[in-house]
Amino acid sequence: MNKHQACPKCPSSDAYWEYEDGHGFCFSCNTYFPATLKARIQKSLVLRDAVCPTTSSSSTTVIDTSGWTRHLRADALAWLLKYRLTSDEIKNNDIFWDTESQSLVFVIAWFPTCDVHNKTPNIFISRFFRPLLDKLPKYLTTGPKTSFYKIFGSSKRLILVEDVVSAIKVARTDSAIPLLGTSVNYSLILKIKDNYDRIDVWLDPDKRKESLAISLQLNQYGIKSTPIFSQNDPKTDIQ
């Protein structure tokens, strides 16, 4: 354990402690730093050349997924089942348990590689299940989240939602894109708009203004759109 380091967040010069597994805690600002926040994103990212017969050599950032498994820890599985996800929905939507960071991982995009059995995640969300995480947001997004949209479902009606679990639930009847927040890359939406009859917006109840603003912007682009207002977010509202 390394003691008395400068805190990455607050002005303290000696209150941050880093532990052997890579996680850290600042006793000055009471901030907890998950191991992967540093070890995986700052230290353990490595570069390798991905060379395919039909493409030229290109450098690809590779995430260490050695700790990822499809065997989800009991509390993480219980959290998914709380929203009534089926076993097939959990199995078929690139959901993993990361044993190192103690988090559920939802993969949004994979790097294209030659070996389909050794895919490399490009964009993914981690939902942490760690004791001290109440002091931090429970979610961490790795990768350029607005550079690619993962579409769930195959309906001609597309609904923009905030998170992956909501997208999985919406995809039972409609198509869905998880925005991973409330920001919209309209250039990406314009590329796919002709595939859909309409693009509606269903964000969390406290984001009604954002839902309306996004819907109005879509209308200005000539896209039929209506905000969906509910007392709950989609993952809770859809049975």
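Rings of Phe, Tyr and Trp, the last represented by its six-membered ring, count as a pair if their centres lie within 6.5 Å. In this predicted model, Trp79, Tyr83, Trp97 and Phe129 form one aromatic cluster. Across the whole structure, the search finds five aromatic pairs.

One of these pairs joins Trp68 and Phe96. Their ring centres are 5.5 Å apart and their planes meet at 35°, so the pair is tilted.

Trp79 and Tyr83 make an edge-to-face pair, because their planes stand at 85°, with ring centres 5.4 Å apart. Trp79 is buried, at a relative accessible area of 9%. Tyr83 is buried as well, at 13%. Each of these two rings also carries a charged side chain over it. Arg127 lies over the face of Trp79, 4.7 Å from the ring centre. The charged end of Lys235 sits over the ring of Tyr83, at 5.6 Å from its centre.

Leu216 lies in helix 6 (residues 208–220). Its relative accessibility is 45%, so Leu216 counts as partly exposed.

Terms used. Residues are numbered from 1 along each chain as its sequence is written. This is a predicted model: local features need pLDDT of at least 70, side-chain atom pairs count only at pLDDT 80 or more; totals for chains, interfaces and linings use all residues. Side-chain values use heavy atoms; hydrogens and water are left out. Helices (H or I, at least four residues) and strands (E, at least two) are DSSP runs, numbered from the N terminus. Buried means under 20% relative accessible area, exposed over 50%, partly exposed in between (1.4 Å probe, protein chains only). Rings of Phe, Tyr and Trp (its six-membered ring) pair if their centres lie within 6.5 Å; planes under 30 degrees apart count as stacked, over 60 as edge-to-face and the rest as tilted. A charge sits over a ring if NZ of Lys or CZ of Arg is within 6 Å of the ring centre and within 35 degrees of the ring normal.
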